[in-house]
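Please keep the sequence and the structure in view while reading.

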Amino acid sequence: MIHAIFAVAEIGVCARFFALHPISLDSCINRGYDYEVLLHNATFCLVPRGRRLGSFRFIEVLQAGCIPVLLSNNWVIPFSEIIDWKTSAIWADERLLLQVPDIVRSIEAERVMALRQQSQLLWHMYFSSIDRIIFTTLEIVRQRIHQHLWKDGRVWNSFPGGLVTLPYYTDTPSRLPWNQQQSTSMTLATGGQKNKNASQFTAVIYSQQQAGSPLVPATSSGPLLHLLRVVSRSQHVARIVVVWASDSPKPPPSRWPSLTRGIPLHIVVPQQKQNIGERFRPLDLIETDAVFSLDEDATLTTDEIDFAFHVWRHFPERIVGFPARTHYWDDTKGQWGYTSKWTNEYSMVLTGAAIYHRYYHTLYTDWLGPLLHKTVDQSHNCEDILINFLVSHVTRQPPIKVSQRKQYKSSNLSAVTSRSPWNDPDHFLQRQTCLNTFVALFGYMPLIRSAVRFDPVLFKDPVSNLRKKYRQMELVNN
């Protein structure tokens, strides 16, 4: 019986040859092909019934990127309660094995590609690790118990899947960042505005000022006040929220500026000021889909802010911003490295000046594991690296860098510069430690390198500045 199972499996990896070449079973099997090589190069693979309720051949075939041809008439497919296997597998009667070659030959090339893509998608979302299998099982059980939180089948069978879709966030799939891209692009193409949430952003400024700091809003020349005025002049800002994580008391309303255009200003004191991850906590004040995350010492212009938001509206599922960093593999140390050197490639965009979808606040707070949060809390660092891990893990895409100035972190205040973490030699070592810890907890490196940068039309072209939409971007510090 065991030999028969392996023989049928070997015939399965030859199914591709049956579909393309009229050769005999014996000639295919007797050529001495390596099983693993055939498996990974086959288009169709037979999955016979096993000795138990399931068959490890099924998982093996999915992992190899092969379309499973199921030969078990009464077998219940894994997770059939949520997965539509008709879009990724072929059924054949196990009593009519010799009809399989004719069945696979009759499938059109377009459907073969669709079946293969969907099978790979399901493999990565639900079967690629023991953790994913367990989490999928628990999520199905949770849905059975809490029927009101049942997820639509389209959520489970489309990217990025049901495990990263939290039903209590919204019951409208189009409000999720990866489903919003198409509707946003259509809105931009027609020149219309689908809704206020999609056409504006909420600025969230993270402040860790110390008592007596020149940044405290006591004078009109402080960088924080300057940033508030710059952001308030944006034509897309709906609200400004300052997360006051300073040990000093929150300044009274009289010490805060009167912003232009009547933009609402809210000062929020987090419950755990020492937890730097509080900057990503979901807030009821954030009603727009876009969140523009800013450090208190960010030196941006209104044009830069507007342009970054314009780019983000075309890529609402990604992080879009200015300061970029990258990771690399260090062969000498046998671990991942972190660098801020200016290179052609990057894999992270820091949230000191970046825009992203507010749904990632919910995922960061409620979906990430406690060990990941503990790493950030103990180091009081690396929260921006972690959210880049999260977004790349969910979307399988890199962030996007927009026109960036090397003066991003510059400041004329020596007091600010002296205590800046960017001047601390241990700062990058600590972030490198975080990087490797996150890789271990995620189980792989999700960050993806990119060499793409978005600049405005006519940026730095030798034409009249009056012809350019974002004119101030080239005049800073000139």
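Predicted model: local features only at pLDDT ≥ 70, side-chain atom pairs only at ≥ 80, totals over all residues.

How much space lies in the largest cavity? The largest cavity holds about 40 Å³ of space.

**Cavities**

- Two cavities of 30 Å³ or more are present in the structure.
- The lining of the largest cavity consists of R318, I319, N388, V391, S392, T395, Q397, P398 and P399.
- Sorted by class, four of these lining residues are nonpolar, four are polar and one is charged.

**The largest pocket**

- The largest pocket contains about 1,100 Å³ of space.
- It is lined by 35 residues, of which D131, R132, F135, W367 and H393 are the closest to its centre.
- Helices α7 (109-127), α8 (130-145), α15 (370-379), α16 (383-395) and α18 (425-442) each contribute at least two residues to the lining of this pocket.
- Helix α8 provides the largest share of that lining, with six residues.

- An open sheet is built from eight strands, which follow the order β6-β5-β4-β7-β12-β8-β13-β14 with mixed pairing.
- T202 is placed opposite V291, a residue of β7.

**Aromatic pairs**

- Across the whole structure, a search finds 17 aromatic pairs.
- One of them joins F201 and F309: the ring centres are 5.4 Å apart and the planes meet at 55 degrees, so this pair is classed as tilted.
- F201 belongs to strand β4 (residues 201-207) and F309 to helix α13 (residues 302-314), so the pair ties together parts that are 108 residues apart in sequence.
- Both F201 and F309 are buried.
- Another aromatic pair, F280 with Y356, is edge-to-face, with 6.2 Å from centre to centre and 70 degrees between the planes.
- F280 is found in the loop between β6 (265-268) and β7 (290-295), whereas Y356 is found in strand β12 (residues 353-357), so this pair ties together parts that are 76 residues apart in sequence.
- F280 and Y356 are likewise buried.
- Ring pairs also connect F58, W75, F79, W85 and F127 into a cluster.

**A buried serine in a loop**

- S248 is located in the loop between β5 (237-244) and β6.
- Is S248 buried or exposed? Its relative accessibility is 10%, which is why S248 counts as buried, the cut-off for buried being under 20%.
- The side chain of S248 makes a polar contact of 2.7 Å with the side chain of S246.

Technical notes. Residues numbered from 1 in each chain as written. Heavy atoms only, no water. Phe/Tyr/Trp six-rings, centres within 6.5 Å; stacked < 30°, edge-to-face > 60°. Helix = DSSP H or I, 4+ residues; strand = E, 2+ residues; numbered from the N terminus. Buried < 20%, exposed > 50% of the residue type's maximum accessible area, 1.4 Å probe, protein only. 1 Å grid on protein atoms, 1.4 Å probe; cavity = no way out; pocket = protein on both sides within 12 Å on 5 of 7 lines; lining within 4 Å. Points joined across faces, edges and corners; volume = space filled by probe spheres on them. Pairing = 2+ DSSP bridges. Polar contact = N/O pair within 3.5 Å; in protein donor to acceptor, adjacent residues only side chain to side chain. Nonpolar A, V, L, I, M, F, W, Y, C, P; charged D, E, K, R; others polar.
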